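Here is a friendly briefing to read alongside the model. Please keep the sequence and the 3D view open as you go.

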Amino acid sequence: MQKSWLLANFFCFCGFLYTIFERKRNLKPKKTTYFKGRILSGVYACKGVLILLKKERNIQVQFVIAILVTAMGFYYHITPVEWSLQLLSIGLVIGLEAFNTALEEMADFIQPTYHEHIKKIKDIAAAAVLFAAIVAFVVGVLIYYPYLFT
């Protein structure tokens, strides 16, 4: 239930961003059926993931860390609960980083020149990523400390 709700919201957010960029190009979004619209939403989300992985340095670093930590999980045979906490932490950090990037892109689109209020918004979004990264680090220490030092 929670996973489908998060995916639905993520796809809606991607659709919102797609609509903004469609307007920028003066194109009308085409009418589609509900099922085809969901498939297109997934396609656009995958395009967004590829854009993030190709262009955003922070996502690239976090993706590599996620792969390394996941490999450690397989190596140390962590428990299902530990897997759950680890995967939630990885998803939270990468998801917030993606949201932060989208927010920065939108802010730059709306206000291309420097503006103090836009800077404040970007800083707050970056702080959310920082908080998630700190929590993910603590979760990682709590999971792997017994495996590494006992």
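Predicted model: local features only at pLDDT ≥ 70, side-chain atom pairs only at ≥ 80, totals over all residues.

Helices (H or I, at least four residues) and strands (E, at least two) are DSSP runs, numbered from the N terminus. Residues are numbered from 1 along each chain as its sequence is written, and side-chain values use heavy atoms, with hydrogens and water left out.

**The overall picture**

- The protein has five helices and zero strands, so its elements read α-α-α-α-α from the N terminus on.
- Of its 150 residues, 23% count as buried; buried means under 20% relative accessible area, exposed means over 50%, and partly exposed is in between (1.4 Å probe, protein chains only).
- Take the contacts (heavy atoms within 4.5 Å) between residues at least 6 apart in sequence: 72% of them join residues at least 24 apart.

**The surface**

- Accessible areas come from the Shrake-Rupley method with a 1.4 Å probe, and for residues only the protein chains shown count as cover.
- A nonpolar patch of about 1100 Å² is made by Leu130, Phe131, Ile134, Phe137, Val138, Val141, Leu142, Tyr145, Leu148 and Phe149. Patches are made of residues with over 30% relative accessible area and no salt bridge; like charges are joined within 9 Å, and nonpolar side chains (Val, Leu, Ile, Met, Phe, Trp, Tyr) within 5 Å.
- One of the patch members, leucine 148, sits in helix H5 (residues 116–149). Leucine 148 counts as partly exposed because its relative accessibility is 41%.

**Charged pairs**

- The structure holds two salt bridges, each being a side-chain nitrogen of Lys or Arg within 4 Å of a carboxyl oxygen of Asp or Glu.
- In one of them, the side chains of aspartate 108 and lysine 122 meet at 2.5 Å, N to O. This pair links distant parts of the chain, with aspartate 108 in helix H4 and lysine 122 in helix H5, 14 residues apart. Aspartate 108 has a relative accessible area of 37%, so it is partly exposed.
- Another joins the side chains of aspartate 123 and lysine 119 at 2.7 Å, N to O. Because aspartate 123 and lysine 119 are four residues apart in helix H5, about one helical turn separates them. Aspartate 123 is partly exposed at 40% relative accessible area, and lysine 119 is partly exposed at 35%.

**Inside helix H4**

- Which charged residue is buried yet has no salt bridge? It is glutamate 97, which lies in helix H4 (residues 80–110).
- The nearest side chain of opposite charge to glutamate 97 is arginine 57, 12 Å away.
- The side chain of glutamate 97 does make a polar contact with the side chain of glutamine 62, at 3.3 Å. A polar contact is a pair of N or O atoms within 3.5 Å; within protein, one must be able to donate a hydrogen and the other to accept it, and residues adjacent in sequence count only if both atoms are side-chain atoms.
- Setting aside neighbours within four places in sequence, glutamate 97 touches Asn58, Ile59, Gln62 and Val129.
- Leucine 92 is partly exposed, with a relative accessible area of 43%. The C-alpha atoms of leucine 92 and valine 129 are 8.5 Å apart, although 37 residues separate them along the chain.

**Two loop residues**

- Histidine 77 lies in the loop between helix H3 (57–76) and H4. Its phi is near 50 degrees, a positive value in a residue other than glycine. At 65% relative accessibility, histidine 77 counts as exposed.
- Threonine 33 lies in the loop between helix H1 (2–24) and helix H2 (34–55). Threonine 33 is exposed, at 52% relative accessible area, and its side chain reaches the backbone nitrogen of lysine 36 at 3.2 Å.

Terms used:
Lys, Arg positive; Asp, Glu negative; His and termini not counted.
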